[in-house]
Structure formats: structure tokens, C-alpha cells
Amino acid sequence: MKLQIPLILVFLCGFTMIAQFMIPHEFSEDLFQYANDFVIVIGILALPIGIYSLMSSTVRKARRNPNERLFSIVTIFGFVIMIIAGLKADWFYSPTSLSSRFFDYILIPAQATLFSLLAFYIASAAYRAFRARTALAAVLLITAFVIMLRLIPLPEPVSTWNNTFVRWILEVPNMAAKRAILIGVALGGITYSMKILLGIERSYMGGD
Amino acid sequence: MAWYDRLLALDRRWIYVILAIAVIIPAIFEMHVSVSTSTEVKAVHSFVGEIRDGKLLFLAFDYDPSTMAELHPMTEAIMHQVFKQDGRLIMSSLSQFGPPMANQLITRIAGEYGKESGKDFVFLGYKPYPAITILAMGTDFRVPFPLDYYNVPLDESPMMEGVHNFDDVEGVVSMCGGNAADMWITYGNAKYGVPLALGVTGVMASDYYPYLQSKQLFGLIPGIKGAAEYEQLSDIKDGEGLRGIPYQTTSHAVVLIFIVVTNIAFFAKRSAAHRI
């Protein structure tokens, strides 16, 4: 029963939603909204588990490794302070509220800094990895070079030639490769979903 | 140690320093970089150009502060264009950190044009689960968003009278820093047939070219260059996009020089090895 009930539920829910997608009827739309509400409810129910998991792993890490203690304290402090800052809905709109201040002066600079650090890693990686060791590596190197060259002001007619070549790269070889990947992923997704719905693939239940 | 060995083993800290200098240079010396406009950006610009005199455009802020540098300028340019033409905007965010950032931009630009919430624009705010939210908005905006971001019921907004779903807007322009773009294509465009354009980060752009050819997207604004193109088309002289291009140019130039130098050293080493 422990195995069969989840399999039956997945089968019924999955095929009902496939049928719903194909039927353009008011009842079908209502069913869809009802199912969507279920997803949100499940998500909300999962939230306390997520919070518990974050807190317990942070505390465990702090206890086990003294070097991690400071980071763990920052995590817990940040978590608690953001809950307090977001207790009242109005605090989100006020530009002078604690929540807005944290957003403007901590989150935005932190995320922007982390993202901009990528430029340095990319430059370092380009220096070390972009070497024409093989014919395929040379193709990759030339493609990357030409595409990046588009952002450098070049004299005419070189600039026009380069732009035309870049468009060709994006619209022909890039598109062919992307399309092949997309179709492959879609077919793989359909197959995998069918295996789950039919109970062939059961790893989501915790087994092999 | 031969010169090529020294170059090939260059300490990465030198690379960081050189790149940092390249990024700082445009901040010190004023630089102007010419930008040529592409057809995909022109397509978005002319589509938004038709959003005038009360017509509705759905603008999605589906990004967070990490991609703000690339996506904020193009979002700002579109908002200026729509409000200048007396068009109206419905806005939402499918990114959890999007709403405060979007709210700042909306407050500033709407203030510049004297536009009012509920009358000239509605900001719906954020809802989790992008796919579900897009699907629900296809039925009625009121399903996922009974209240707007400022806690005003949508039914009380004069602008939303008779506006229910994507059939009532001219199109959707989603500014995406993540996978919400795929969901807009799969659910917004494929299921509900809403005309869709995307503004994406530079690294994401090549992923979405197939959808342009298949006409699932009517336009694409790729990265800071796309933003600069859009500003140029909109005649915005001091936009963040055009100001950001010199920084991108110098840093790209440095990366290109690095690639050339490392390959010269690599081939010099290889030919030296062959000679021995």
C-alpha cells in the first residue's frame, strides 16, 4: 500500500492534468486553478521544513567547525532580522524602512559584486583555457573571438563584415545546435515524465 | 625560463589587475563607443512604439539585483517610451527579489511623467512558481494577483476595468535573468498566443535566437549592448546602457588581447618543442 498509493496518485494526477491541458472547457480551467492552488499549498507546507533544515544544518556546522561559526551566526542573524523587517507589509514599500535599507545597501551591492566578479574569473579562464590545442578548440576559440569582437569599435567595412558573420554564427550553427539540444531535451523530458506517470521510474519516492 | 613559458604561467593576479585597470579607464576618461542597431532590438522598439494612447503592454521584471546592470537600463528605456506615448503598463515580477527593485524604478519613472498607479499603470508584484503564475494570468490577472503590490484590489483599479488576461494586452515584454524566459515562451506564448519579446543578459542571448526564427518571439534585447541599442533608438542620450558600453568594450578588448597573447605563447612553445 505504501508503494501503490503514491503510484496511483501520480498516475491519476498526471494523466488528469494532461487531459486538462488538451480540453478547452470552463470545467477544465477550474480544475487547473484548483490544482495550481494545491501546488502553492504544498509549497507553503514545505517552507517550515526548509527553515528547519537551514537552521539545523547551520547550527550543526557551527558546532562542528569553529572556523564556520562566524558565517553561521551571520546566516542566523540575517534570517531573523529579515523576518522582523518583513513583519508588516507596508514596510516593503517605504524607501526608508529597514527592509528597503537592507535591500538597497546589502542585497543589491552583494549580488552585483558577486556577479561582477565573474568578469575576473572569465578573463582568467580565457587566458588559461582558450588555447587552440586541437581543431575543435580552434573552432571554439575563433567563434568566441569573433563574437566578442562585435563589441569592439572596428573601422568600416570590417565592422559590417564582422557583424554579418556574427549574425550568421548565431542564426545558423548556433541555432542548429540549440534546436537539436532543445528537441532532444524535450523528447527526454516527455519520456522521463511518462516513465514517472506509469510508475516505471520510482526514484522520486526515495528508492533506486 | 623562456618568454613563452613565463607568459603561459602568468600569475592570475596580473590578469585581475589588468582587467581592473581596463574597467576603471572608462570611468576616468570619457569614451564614446558607437553602437549599431540590430533587427531584433528594432523589432521590440517598433512594437513598443505602437503602445500609445491608452494601449496596454505587459512588462515583466523577471530578474534580481545580480543582473540589474544589464536588464535595468532596457526596462527603464521601455518604461520611458510607453509613458511618453501615453501607453499603459501592467507589470509583475516572477523573481522574488524583483518587486522592491521594480517598485523603485516604477516610482521614479511614473513620477517623472505624472503617471498614477491604477490609472496609468498597475504593478502586480511577485508570486512564486513562475509557470503557474503565467498560466493563471492567462485565465485572469485577478487569479494570481487579486491585489496589486500596493494592496489595492485589481477590481478597484480603473485601468483594470475590462482587462482580464493576455487577450487584453498588446503583448508581453519580459526582462529575464533566469529561466522565467522559457516559461513565458512555453506557457505565455505557446498556450495563450500572446506576442512575446524578451530582454535577456548577454550570456543568455544565444539560447533564445531559435525562438526568434520560429516567430515565438517577435524581438530580443540582448544584454547591455541591446540596452544601448534600445536607448539609441529611443533617443535617450545619457542612459545606463550607452554609459555601460565603454566598460564592456574595454574589458572585452582585454580578454581578446589575453586570448591572442596566450595563443602566441602556446604556439611558440609548441614550435620550440618541435625544433628540439
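## Basis of the description

In this predicted model, local features need pLDDT of at least 70 and side-chain atom pairs count only at pLDDT 80 or more, while totals for chains, interfaces and linings use all residues. Residues are numbered from 1 along each chain as its sequence is written, and chains are lettered from A and ligands numbered from 1 in the order in which they are written.

## The contact between chains A and B

Chain B contributes 44 residues to the contact and chain A contributes 41 residues; two residues are in contact if their C-beta atoms, placed from the backbone, lie within 7 Å. On the side of chain B that touches chain A, the elements giving two or more residues are α2 (12-28), α4 (68-84), α5 (98-113), α6, α8 (209-213) and α10 (240-275). Helices (H or I, at least four residues) and strands (E, at least two) are DSSP runs, numbered from the N terminus. The most is given by α10(B), with 13 residues.

By residue class, this side of chain B comprises 25 nonpolar, 15 polar and 4 charged residues. Ala, Val, Leu, Ile, Met, Phe, Trp, Tyr, Cys and Pro count as nonpolar, Asp, Glu, Lys and Arg as charged, and the others, Gly among them, as polar.

## Positive phi in two loops of chain B

B:Asp53 lies in the loop between α3 (39-49) and β1 (56-62). Its phi is near 50 degrees, a positive value in a residue other than glycine. B:Asp53 is exposed, with 9 other C-beta atoms within 10 Å (buried: 20 or more other C-beta atoms within 10 Å of its own; exposed: 12 or fewer; partly exposed: in between; C-beta atoms are placed from the backbone).

The loop between α6 (130-139) and β4 (171-176) holds B:Asn151. Phi of B:Asn151 is positive, near 65 degrees, in a residue other than glycine. B:Asn151 is exposed, with 11 other C-beta atoms within 10 Å.
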